[in-house]
Structures are given as C-alpha cells and as structure tokens.
Amino acid sequence: MPGLSAKHSFHLVVDDEEEIRNGMCRYFPWDQVGFQLVGFASNGRQAFDFLIRDPVDILLCDIRMPIMDGLELARTIRGAGMDTTIIFFSAYRDLSLIHIS
C-alpha cells in the first residue's frame, strides 16, 4: 500500500455481524503486525461518522450491511476527499460486488 507504514497505521473494522466484528477486533493480533485498531462500527453510517471525527489509514469493511453498505461508504469517503485505504471483505460468494467496488 503506497504511503502506508504498518508501524503507524491505524484502522477501523466495519461489519454488521457482531460475532465477525468482535472476532476481527479481539482475536487477530493487530499490534503484532504493526497496526493499531482504533475502533469498530456496525454499519457504514457509523463508520463514516467515526471517520469524520477520527480519520484512519485503513478501513476493513464488509460489503453488505444495513443502513449504509460498504460500497456506499466507499463512495461517501471518496466524495469527502478522504484518502483512507479501503479493504473489502464479505462472506457472500457473489463476485459481482467485488467487481463493482
């Protein structure tokens, strides 16, 4: 990822499924690989509100969520001029969503 140093990268996890969100936040050793988890959100609207207050380097984001999905969140982030790196993940096998993003 151009311009990102893992030693100083801060990230936010966004997923509407609590079990997945908690697993990604609590059980992955982010600090051991040079990242600092600074927050989590359960939908794109919450994530965008967080990013307005506290910008992050990397956003780990589910694609399908209620209220504001990951694709709409990405468009909103880019529209606001933020340069956050966005990494999508999804449990769905519909690869057309990935091509859209």
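Biologist: Does N43 count as buried or exposed, and how do I read that?

Modeller: Buried means under 20% relative accessible area, exposed means over 50%, and partly exposed lies in between (1.4 Å probe, protein chains only). N43 has 5% relative accessibility, so it counts as buried. This is a predicted model, where local features need pLDDT of at least 70, side-chain atom pairs count only at pLDDT 80 or more, and totals for chains, interfaces and linings use all residues. Residues are numbered from 1 along each chain as its sequence is written, and side-chain values use heavy atoms, with hydrogens and water left out.

Biologist: What share of the protein counts as buried?

Modeller: Of its 101 residues, 37% do.

Biologist: How many helices and strands are there, and in which pattern?

Modeller: Both are DSSP runs, numbered from the N terminus: helices are H or I with at least four residues, strands are E with at least two. The protein has four helices and four strands. Along the sequence they read β-α-β-α-β-α-β-α.

Biologist: Where does N43 sit, and what does its side chain reach?

Modeller: Look for polar contacts: pairs of N or O atoms within 3.5 Å. Within protein, one atom must be able to donate a hydrogen and the other to accept it; residues adjacent in sequence count only if both atoms are side-chain atoms. N43 is in the loop between β2 (35-41) and α2 (44-53). Its side chain reaches the backbone nitrogen of R45 at 2.9 Å. A polar atom of that N43 side chain also lies 2.9 Å from the backbone nitrogen of Q46.

Biologist: Which backbone atom does the side chain of T84 reach?

Modeller: The backbone oxygen of V56, at 3.2 Å. T84 is in the loop between α3 (70-79) and β4 (85-89). With a relative accessible area of 2%, T84 is buried.

Biologist: How many salt bridges does the rule give?

Modeller: The rule asks for a side-chain nitrogen of Lys or Arg within 4 Å of a carboxyl oxygen of Asp or Glu. The count is one salt bridge. R45 pairs with D49, and their closest N and O atoms are 3.4 Å apart.

Biologist: Why are R45 and D49 separated by about one helical turn?

Modeller: Because they are four residues apart in helix α2. R45 is partly exposed at 36% relative accessible area. D49 is partly exposed too, at 33%.

Biologist: Which residues form the negative surface patch?

Modeller: Patch residues have over 30% relative accessible area and no salt bridge; like charges are joined within 9 Å, and nonpolar side chains (Val, Leu, Ile, Met, Phe, Trp, Tyr) within 5 Å. Here, D16, E17, E18 and E19 form the negative patch. E19 belongs to helix α1 (residues 18-26). E19 is exposed, with a relative accessible area of 73%.

Biologist: What should I look for in the backbone phi of I67?

Modeller: Most residues other than glycine have a negative phi. Phi of I67 is positive, near 70°. I67 lies in the loop between β3 (58-62) and α3. At 68% relative accessible area, I67 is exposed.

Biologist: How far apart are F89 and G70 in sequence and in space?

Modeller: Read both separations. They are 19 residues apart in sequence and 9.3 Å apart in space, C-alpha to C-alpha. F89 lies in strand β4. At 21% relative accessibility, F89 counts as partly exposed.

Technical notes: Accessible areas come from the Shrake-Rupley method with a 1.4 Å probe; for residues, only the protein chains shown count as cover. Lys and Arg count as positive and Asp and Glu as negative; His and the chain ends are not counted. The place of a charge is taken as NZ of Lys, CZ of Arg, CG of Asp or CD of Glu.
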